[in-house]
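These are my notebook entries on a single protein model. I set down each item in the order in which I looked it up.

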Amino acid sequence: MNDNETSRLSRLTAILLQLQSKRLVTATSLAVKFDVSVRTIYRDIRALEQSGVPIITEEGKGYSLMEGYRIPPVTFSEREANALITAEQFVLKNKDASFIQDFTDAITKIKSVLRESAKDGANLLSDRIAIDQNSSYNRTSNQLSSLQLALTNFNLVKMKYQKADDDATSERIIEPFALLTVNENWLLLAWCRLRKEFRFFRLDRIKGILVQNDKFEPHKMTLQEYFDKHKRRD
């Protein structure tokens with residue numbers, strides 16, 4: 001196999017991963033990502049289809065994989081595994097317990113698919129790497145995972161929120177929009193139906209949430225557009 005064939009095989013595999021990780025991908029975005037022409041991507045897609053991969057073409061929109069189709073589990077190189085192990089140490093210092101639990105579970109699954117030699121190395125690195133921060137190790141929230149799901153599925157959230165320097169709580173119905181981490185604590189940016197405007201809420205002040213089955217209409221705005229809009233106001 002020559003270098004061109006090896007390069008194309010790597011690209012075909014990477015295109016498959018893109019198709020599996022996203023609901024819809026365009027030929028243009030794939031061409032930019034892999035630094036090839038759109039015509040080359042068309043040929044790659046046809047090659048994947050001819051090999052039996054069930055690719056759905058949505059005219060004028062892009063490509064997706066047939067529902068239920070999955071490629072074999074991804075394998076990680078030792079360098080990739082080490083990068084994730086290192087990232088785990090940052091996560092372990094996070095203030096939200098639910099986020100730590102979910103990431104730890106994910107790392108366990110990743111370790112399970114490593115080759116034995118890489119698995120030994122990953123476990124050794126876990127024991128030999130530490131990130132020290134001059135802050136408390138106390139967990140101040142446990143809502144991040146639930147709010148992430150509500151955000152991505154456009155579910156309304158009913159919550160009890162404690163005001164700053166006040167033991168009193170108020171009930172809010174909110175539409176989660178974005179999550180930010182500041183000084184290791186998490187902030188939720190959401191449309192507050194009580195105040196009828198976007199508000200920031202500290203997760204450590206949220207005393208209880210109930211994710212509703214009811215959906216809200218997605219906000220036609222990116223997080224960057226929100227920041228740009230509010231910068232202009234200042």
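**Entry 1. Leu180**

In which strand is the place of Leu180? I find Leu180 in strand β4; I take helices (H or I, at least four residues) and strands (E, at least two) as DSSP runs, numbered from the N terminus. I note that the model is predicted, that local features need pLDDT of at least 70 and side-chain atom pairs count only at pLDDT 80 or more, while totals for chains, interfaces and linings use all residues. Residues are numbered from 1 along each chain as its sequence is written, and side-chain values use heavy atoms, with hydrogens and water left out.

I looked up the accessibility of Leu180 next. Leu180 counts as buried because its relative accessible area is 19%; buried means under 20% relative accessible area, exposed over 50%, and partly exposed in between (1.4 Å probe, protein chains only). Apart from neighbours within four places in sequence, Leu180 is in contact with Asn185, Trp186, Leu187, Leu189, Phe200 and Phe227, where contact means heavy atoms within 4.5 Å. I also read the separation of the C-alpha atoms of Leu180 and Arg202 as 9.7 Å, for two residues 22 apart along the chain.

**Entry 2. The sheet**

In what order do the five strands of the open sheet run? I read the order as β6-β5-β4-β3-β7, with antiparallel pairing; two strands pair if DSSP finds at least two bridges between them. The edge strands are β6 and β7 (206-215), each of which pairs on one side only. From one strand to the next the twist averages 45°; axes are lines fitted to C-alpha atoms, for helices over the stretch in contact, and angles run from 0 to 180 degrees between N-to-C directions.

I then went through two of the pairings. β4 and β5 run antiparallel and are joined by eight bridges, and within this pairing Trp191 in β5 is the bridge partner of Glu175. β3 and β4 are likewise antiparallel, over six bridges, and Val157 stands opposite Ile174 in β4. The hairpin of β3 and β4 has six residues between the strands, and in this hairpin Asp165 takes a positive phi near 55°.

Which helix lies across β3, β4, β5 and β7? I identify helix α7 (residues 144-153), which runs at about 90° to β4.

**Entry 3. Salt bridges**

How many salt bridges does the count come to? I record five, a salt bridge being a side-chain nitrogen of Lys or Arg within 4 Å of a carboxyl oxygen of Asp or Glu. I looked at individual pairs as follows.

Arg11 is found in helix α1 (residues 3-21). Arg11 forms a salt bridge with Asp44, with the closest N and O atoms 2.6 Å apart. Asp44 lies in helix α3 (residues 38-50), so this pair ties together parts that are 33 residues apart in sequence. Both Arg11 and Asp44 are buried; Arg11 counts as such because its relative accessibility is 13%. Not counting residues up to four places away in sequence, Arg11 touches Phe34, Val36, Thr40 and Asp44.

Lys158 forms a salt bridge with Glu171, the closest N and O atoms being 3.7 Å apart. Lys158 lies in strand β3 (residues 155-162) and Glu171 in strand β4 (residues 169-182), so the pair ties together parts that are 13 residues apart in sequence. Lys158 is partly exposed at 34% relative accessibility, and Glu171 is partly exposed at 47%.

Arg193 forms a salt bridge with Glu175, and here the closest N and O atoms are 2.9 Å apart. Arg193 lies in the loop between β5 (185-192) and β6 (197-202) and Glu175 in strand β4, so the pair ties together parts 18 residues apart in sequence.

**Entry 4. Totals**

I count eight helices and seven strands in its secondary structure. Buried residues make up 32% of its 234 residues. Of the contacts between residues at least 6 apart in sequence, 57% join residues at least 24 apart.
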